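Please report on the structure below. Cover the sheet, the core, the salt bridges and the loop.

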Amino acid sequence: MITATCHCGAVVLRFPTLDVESARRCDCSYCRRRGAAPVTVPADQIEVVRGETLTLYQFNTHTAEHWFCRVCGIYTHHRRRSNPAEYGVNLGCVEGVDLTVLDIPWVDGVNHPSDAKPE
C-alpha cells in the first residue's frame, strides 16, 4: 500500500497503487497558490487511516472538496470537480517521492470545462 501523510502526521491516507504519470499541476487560482502536484486515485481505493484534523475547503461551484490538515496546513487530497469518482492526492505527501526529479505537466484550470457556456 502507498502511504501519504501531512507534515505533522495527523493525516494518513493509504491507496493501493501510485500512478506518477497521472500527476498534473493546475493553473487555476487555488492550485496556482498551493503549488501541489496531485496524482489520480479512484475514490473507492483511497482510505483515510487517520484524519481527525482534516478540514474541508470549497469555493466557486462547491463541487470539488479540497482537504487539508488544520494543524500543519498541508493540502493532502481533493475530490475532483472534473470527475467526482476520483481523488487527487498531493504527490508531495507520498512517502519516498522526490518531486525535484519529475517533469510534471500543467493543465488549464483557469478555463475549466465545467465553466464553459453552452453554445
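Strand 9 is largely enclosed by the rest of the structure, because four of its five residues are buried. Buried means under 20% relative accessible area, exposed over 50%, and partly exposed in between, with a 1.4 Å probe and protein chains only. Helices (H or I, at least four residues) and strands (E, at least two) are DSSP runs, numbered from the N terminus. The model is predicted: local features need pLDDT of at least 70, side-chain atom pairs count only at pLDDT 80 or more, and totals for chains, interfaces and linings use all residues. Residues are numbered from 1 along each chain as its sequence is written, and side-chain values use heavy atoms, with hydrogens and water left out.

Strand 9 pairs with strand 4 in the antiparallel sense, over five bridges. Two strands pair if DSSP finds at least two bridges between them. T40 stands opposite G88 of strand 9. Strand 8 also pairs with strand 9 in the antiparallel sense, here over three bridges. In that pairing H77 stands opposite V89. A hairpin of six residues joins strand 8 to strand 9.

Five strands lie in the order 4-9-8-7-6, with antiparallel pairing. Strand 4 and strand 6 (54–57) stand at the edges; each has a single partner strand, so one side of each is left without a neighbour in the sheet. Neighbouring strands of this sheet are turned by 25° against each other on average, direction ignored. For such angles, axes are lines fitted to C-alpha atoms, for helices over the stretch in contact, and angles run from 0 to 180 degrees between N-to-C directions.

Strand 7 and strand 8 are joined by four bridges in the antiparallel sense. H66 has H78 of strand 8 as its bridge partner. In a regular strand the side chains alternate between the two faces of the sheet.

## The nonpolar core

The largest nonpolar core has 19 residues, and A4 and V89 have the most contacts inside it. A nonpolar core is a set of buried Ala, Val, Leu, Ile, Met, Phe, Trp, Tyr and Cys residues joined through side-chain atoms within 4.5 Å. Strand 2 (12–15), strand 4 (38–42) and strand 9 (86–90) each supply at least two residues of this core.

A4 is found in strand 1. A4 is buried, with a relative accessible area of 1%. A4 and V89 are 85 residues apart in sequence, yet their C-alpha atoms are 8.0 Å apart in space. Contact means heavy atoms within 4.5 Å. Leaving aside neighbours within four places in sequence, A4 is in contact with V11, V12, L13, F15, V89, C93 and V94.

## T3 in strand 1

T3 lies in strand 1 (residues 2–5). At 16% relative accessibility, T3 counts as buried. Its side chain makes a polar contact of 3.5 Å with the side chain of R14. A polar contact is a pair of N or O atoms within 3.5 Å; within protein, one must be able to donate a hydrogen and the other to accept it, and residues adjacent in sequence count only if both atoms are side-chain atoms. Beyond four places in sequence, T3 is in contact with V12, L13, R14, C93, V94 and E95.

## Salt bridges

The structure holds two salt bridges. A salt bridge is a side-chain nitrogen of Lys or Arg within 4 Å of a carboxyl oxygen of Asp or Glu. One joins the side chains of E65 and R79 at 3.6 Å, N to O. This pair links distant parts of the chain, 14 residues apart: E65 is in strand 7 (residues 65–69) and R79 in strand 8 (residues 75–79). E65 is partly exposed at 22% relative accessible area. R79 is partly exposed at 25%.

E86 and R80 form a salt bridge at 3.2 Å, N to O. E86 is partly exposed, with a relative accessible area of 23%. R80 is buried, at 13%.

## The loop between strands 6 and 7

N60 is found in the loop between strand 6 and strand 7. Its phi is positive, about 50°, although N60 is not a glycine. N60 is exposed, with a relative accessible area of 53%. H62 is found in the loop between strand 6 and strand 7. Phi of H62 is near 60°, a positive value in a residue other than glycine.
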